[in-house]
Structures are given as C-alpha cells and as structure tokens.
Amino acid sequence: MTAATPSAAAHSRPRPFEGLRMWWMMLVISLEERLAYRGDFILGTLMRFLPIVTQLFLWTAVFSATNAADIAGYSRNDIVAYYLLTMITRAFSSMPGLAGGIARSVRDGSVKKYLVQPIDYVSFLLASRIAHKLVYYAVAVFPFAGVFFLCRSFFPPVPDAATIAIFLLSLLLSFLLGFFLEATLGMLGFWFLEVSSIVFAYMLLQYLLSGHMFPLDMLAGIGTGIPGVSLGSVVHWLPFEYTAYFPAAIWLGKIHGTELIRALVIEAVWVVVMAVACRIAWRRGTRRYSAFGG
Amino acid sequence: MVFPYTSPMHNSSQNAATHPQKSRVASREDAGREPVIAVESLAKEYRVYDKPEGLLASISGLFQRKSRIVHALRGVNLSVGRGEFVALLGPNGAGKTTFLKLLSGIITPTRGTAQVLGHVPWERVDDFRRRFALVMGQRNQLWWDLPAAESFRLHKEIYRIDTARFERTRDELVDMLDVRKILLQPVRELSLGERMKLELVAALLHEPQVLFLDEPTIGLDVVAQHTLHRFLTHVQAQRQMTVVLTTHYMKDVAALCERVVVITHGDILYDGSLDEIVDRFTTHKIVTLDLDDTPSLERMERFGFPCEIRGPQVILRIDRPRIAEVLPEILRSERVRDISVEDVPLEEIVAALFRSEAAQPVTTHQEART
C-alpha cells in the first residue's frame, strides 16, 4: 500500500491518526444509518427474547420427567442461567445480514465502490458492524437487564474478577470470530450468485454445535465411532462453540485452569485463521470479479 | 511497469512510469504534453454462458454449459491529454462501459496496457484512487438512507481532504448546482436529477484530476441536463480536469466535448472533433419549403429526394454538392413563401456512423491534436 506516499494534490498530506479518523467516521456514518430505522430495530430486539421462553418450558418438562437433580452437570437453575448467558454471547457473535449483504453487494455491483475508492472493504464492514452492535446494545441493555434481574435466583454467585475478565475477553473474541466467519461466507458471493443456502447450512451447524441449543457438555458421552474420541472433544476444536457455549461456560465456572487457557488459545487461533481466510477470499474474489465481469 | 512508448515525443512519460515521484512534478510543469490517459492495444474478452430455454435444457445445463467468448474491446489505442473532454459514443453493447471500467480499474484486461495518471488502473494503488473519480449509475457513492452531507463527510476522510479545503470545495460545488437545501434530506427521498447532482458533488470533492462519467444525463429532464452541462463545463475548465464520458445524447456531446471517440463492436471507429464528424459523414442537407400550392411528387423530384409532402409543405433531402445549384432553381421555378436549409440531425449522422463499415478506424489522433 502506498497510503503514505505524498501525492501531487496538497489535500493528501498525511495527518496524525489518519486511520483512526477514518474508522471513527465509518463508525459514525454506520451509527446514523442504523438509527434511521429505529422502530424496526427495537421490535427486532424484543422478539429475540421469545424463543428462550419455549426453551425454558422444554427443560422444565425434561427435568420433571427424568426426576434427575442434574443433566451432564447442569441443574435446572444452571440450564436457565446457561440459556440467558448464551443470549449475551449470541448478541456478540451473531451477525445478522452480514454474509447476505456482502453477496448482494457483489450481485448488484455496489461492491465496485470499494474498488474505485481508496478504502478497504473488510475494514469498512468491521467498522460498520461495530456500530451496529453498539446501537443494538444501547437498545437491548434494558430488556436484558430486566430479564436478568427477574431470573437472578437461577444464577450461581457472581464469579471473581479474573473470571469476569476472561469472560469479557472471550466475548470480544467471539464477536471477531463471528464477524470473520460470516464475512468469509459472504465473500463466496464472488463465486456463487446466491449464498443464502450456504449461509443456511452454516446456521444449522452453528445452531447444533455452538451450544445455542443445549450445553455442549452433553456431547461428552457421545462417541464418534473412533475409540476414545467423543463428539464433545471434536467440537472443542471447531470454531462454533466459541460463538455461544464458551463464554457462558466460563461464567458458570464449567471450565477451569489449563482447559480454559487451551480453549482461549483455540478461539484466538480461529479468529486469526478466519481473518486471514476472509482477506484471501476478498483478494481472490475481486480478482475473479475483475477478470469476469465487473 | 514501463509503458511501451515508441514515439520519441513521449520520452517524458517513459520516465514518468519508472519514477512515479518525478512524474508528478513533471505533470504540473508540462501540462498538456504528457498524456493523462494512455491506452495501447487494450482488449477485453468475456466468457458468457448461454442459458437454454426450457426445463429439460436447463437441467442438462447443470452438467454441460455452452459458452462463447464476447469481445467487448478488441485492441483499442487511445491517448488523452490533460484537460481534454472526451465523449465515448457507440450503440449499446459497443464496449463503452467496459472501456470506462478498465480505465477506472474495476476490471482487468485480457490483453494490452493502459496508464492513467501514470498508474496501471487495475493495480488499484491508493495513490491512483485518490486522484480520479467514477460516476456510474445512480446509487453509486451516496448512502441511500442518509443525507448527502453525511456521505460527503465520509468522503472527506476516505480521500483525506483537509478541512478548510473540503469546506471550500463543497460549498462551491453545492452552490453551483444549487443543491444546498437538499443536503440534509435522506438521499432515497430525492429525485433522479437531484441524486445525480449530489453524486457529482461527491465525486468532485477530492478534486480528481481525471473524471469518468457513465451516462451522466440518462433519465434527466431538459432543465437538469442543461444544468449539468453548464456545471461540468465550468468545473472542467476551472480545474483543467480530464473528463471521459459515455452518453447516448448528442446534446451532451455538442455542449461538452470537443473530441468524440466512436466505438462499435469493441473497436474505435472514429476519433476526432464533432465538427469533423458532421463534415465527413453528412452527405446531404435537409431543405424545408412552404409553397403557395400543393406540388406533385414529380415536380419535387427534380430538386432532390422528397421525404415528405404535406399540402404546401415539403421536406427535401438534397445532396450536399448539389445544394448551391438547386436552391436558386427552386426559388426561380416555385413560388416560395418560406425556406430553410438545415444539416441532418446529429443523432442521424451518428446512427449512420454506428452502422457504417466504410468509416476508417482513426488511431493517429493524438499527434494531430497535441
């Protein structure tokens, strides 16, 4: 990149914090755009709380039918707390409309803008996604606070500061992981006209393997056919559980010590892998776009 | 990248290609001498897949697809100097838009080379991208749901425009196009003409040295077209900007461009001034007569080809070389109330040019011009 090269025009002089100013502006613009549709937004946020109610009924029925005190180490209270916590992690890692939006910009040609203007598309998407999330949290904090307050008796005592810090770190990583996963899927739009079926398949896997549906500890006892390898242990190596299960399990004190460190490292490695994959997909995709159509 | 110039005239630009730093100094000193756009044997081919009709054929298409090569551009040469205003004309599918996409680096060519402002466009280096602009279609640079003023602020950061300079340029452009009152309205609520004006402001904020316009007046009413013409003429002259536009409206060409490049079937068919086109490709004049009586067909055929006889009103097509002898004869033998002699409309000339196989591709244009 020759970003720092002074050009003939006097207005291109590099200034301090150039990159930061640009990021800030992208953030501000995306915030304003997001706020243009606030009504739709608030409704969407509230609707997210509906599915959890059905989940709670389901698990109440399961517990009363089995008469067990706990399932895979989860008491009835733990289950409720787990679901509420995955809602928080999903609020960080889910990226509604990201993949579809990228694919659409390729299809309708608006991606051209990022070829013509001196701006990086991936950075731009990231900045606007951060903005979307900030707006979302500003609205969602109220219903979240209300529900957590009402359900406070289901939660174990608040963990120590170190655990909270690791929990927050895992949330931040889950945001980045979710972003780069979906952005990479969206970039497939350079090769396929429509990515919605690919996104659907991804969502399905994600739903089953991220812990969104049930705590992944329940997979520990399920074999894979290979002796000594359970489905649970395979899932730990995949990126999915870091977008829902992992932060919730940290808060509930289900993971400790070296196991926790190992999981954090796996999560961080997945973030890097997907960020690189996303960048490669963008490079190759634009090269293909340039060669075939435009 | 060294652009393969052969003419000694262009030595300075060869240096420019090897020493980009130097070229920028040079481009200000020898303005006009060094081409801003230099294109050599530029070709673009696409592979398109034919989609057969019918369900069965569609299913077999899943396994085996028929493809063919479309030659969008077939080895085009062009050189444009600083401050030139060039129109690309041609029928739909002639390769005009492909050409603009190549010059702005959206697509890569199959063969050939191009340099714009000393850069190969499709390498897409930021230094190049900060110095040109492309306006293509209506939903281009502006954010649909936000007021244009916000998109402008984003452009300020994207193109790193200094605050004072940004405000001055923005105010100047906004006043020229008289769009101040719509700056704070979401773009999606604006009319086509208003959006086009704001797109142009957005494109010119960073004071590009080269501007590409793809059908800027399409769908606009006469007043908006006229406003855009005045605006573009003014800004182009003021900034000594190099502009290349594609259009289907001869009014755009007549109002804006001294130089016309006609492309058909991916080849440059004509490159020269608009006057020259009229001169070279007009074979006849249109004479409109208002007579005292209603003439017969035979009576009129003596003078030329009668296009229309409606009562005493007659429209004749007369070969250009004959016009000087035929006109006095008409006035002598007919009782004429009114007479007018006009050139064939520009649209018709160009349409004929699009069809003509006789026109020679002109490639040595730049020598004559500079």
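A residue is called buried here if 20 or more other C-beta atoms lie within 10 Å of its own, exposed if 12 or fewer do, and partly exposed in between, with C-beta atoms placed from the backbone. By that rule, 33% of the 294 residues of chain A count as buried. This is a predicted model, in which local features need pLDDT of at least 70 and side-chain atom pairs count only at pLDDT 80 or more, while totals for chains, interfaces and linings use all residues. Residues are numbered from 1 along each chain as its sequence is written, and chains are lettered from A and ligands numbered from 1 in the order in which they are written.

**Chain A**

Helices (H or I, at least four residues) and strands (E, at least two) are DSSP runs, numbered from the N terminus. Chain A has 12 helices and two strands, arranged along the sequence as α-α-α-β-β-α-α-α-α-α-α-α-α-α. Along the principal axes, its C-alpha atoms fill a box of roughly 75 × 45 × 35 Å. Two residues are in contact if their C-beta atoms, placed from the backbone, lie within 7 Å. Among the contacts in chain A with a separation of 6 or more, 82% join residues 24 or more positions apart.

Helix α4(A), residues 76–93, has 18 residues and should span 26 Å; its end C-alpha atoms are 26 Å apart, which agrees. Because 14 of its 18 residues are buried, α4(A) is largely enclosed by the rest of the structure. Helix α9(A), residues 196–209, has 14 residues and reaches 20 Å from its first C-alpha to its last, close to the 20 Å expected. G211(A) follows α9(A) and has a positive phi, near 90 degrees.

N67(A) is in the loop between α3 (50–66) and β1 (70–71) of chain A, and R124(B) is in the loop between β4 (111–116) and α5 (126–129) of chain B.

| Residue | Phi | C-beta neighbours inside 10 Å and class |
|---|---|---|
| N67(A) | near 60 degrees | 6, exposed |
| R124(B) | near 50 degrees | 19, partly exposed |

**The sheet of chain B**

Two strands pair if DSSP finds at least two bridges between them. Six strands of chain B form an open sheet of mixed pairing, in the order β5-β6-β7-β3-β8-β9. Its edge strands are β5 (132–136) and β9 of chain B, each of which pairs on one side only. On average, neighbouring strands of this sheet are turned by 15 degrees against each other, direction ignored. Axes are lines fitted to C-alpha atoms, for helices over the stretch in contact, and angles run from 0 to 180 degrees between N-to-C directions. Helix α4(B) packs on the sheet, touching β3, β6, β7 and β8 of chain B, and its direction makes about 145 degrees with that of β7(B).

Strand β7(B), residues 242–246, is mostly covered, with five of its five residues buried. T242(B), V244(B) and T246(B) lie on one side and V243(B) and L245(B) on the other, so both faces are covered. With β3(B), residues 85–89, strand β7(B) pairs in the parallel sense over four bridges, and L88(B) stands opposite T246(B). Five bridges join β7(B) to β6(B), residues 210–214, again in parallel. Here L213(B) has L245(B) as its bridge partner, and D214(B) has T246(B).

A crossover is right-handed if, with the strands pointing away from the viewer, the path from the first strand over the helix to the second runs clockwise. The β-α-β unit made by β6(B), helix α9(B) (residues 222–239) and β7(B) is right-handed.

F99(B) sits in helix α4(B), residues 96–103. F99(B) is buried because it has 28 other C-beta atoms within 10 Å. Leaving aside residues up to four places away in sequence, F99(B) touches L73(B), V76(B), L88(B) and I263(B).

In helix α14(B), residues 346–355, the buried residues are I349(B), V350(B) and L353(B). They cover an arc of only 95 degrees around the axis, which puts them on the same side of α14(B); the arc is that of the directions from the helix axis to the C-beta atoms. The face turned away from this buried side carries the exposed residues E347(B) and R355(B). The cover over the buried residues of α14(B) includes β3, α10 (250–256), β8 (259–264), β9 (267–273) and α11 (274–281) of chain B.

Definitions and conventions: Expected span 1.5 Å × (residues − 1).
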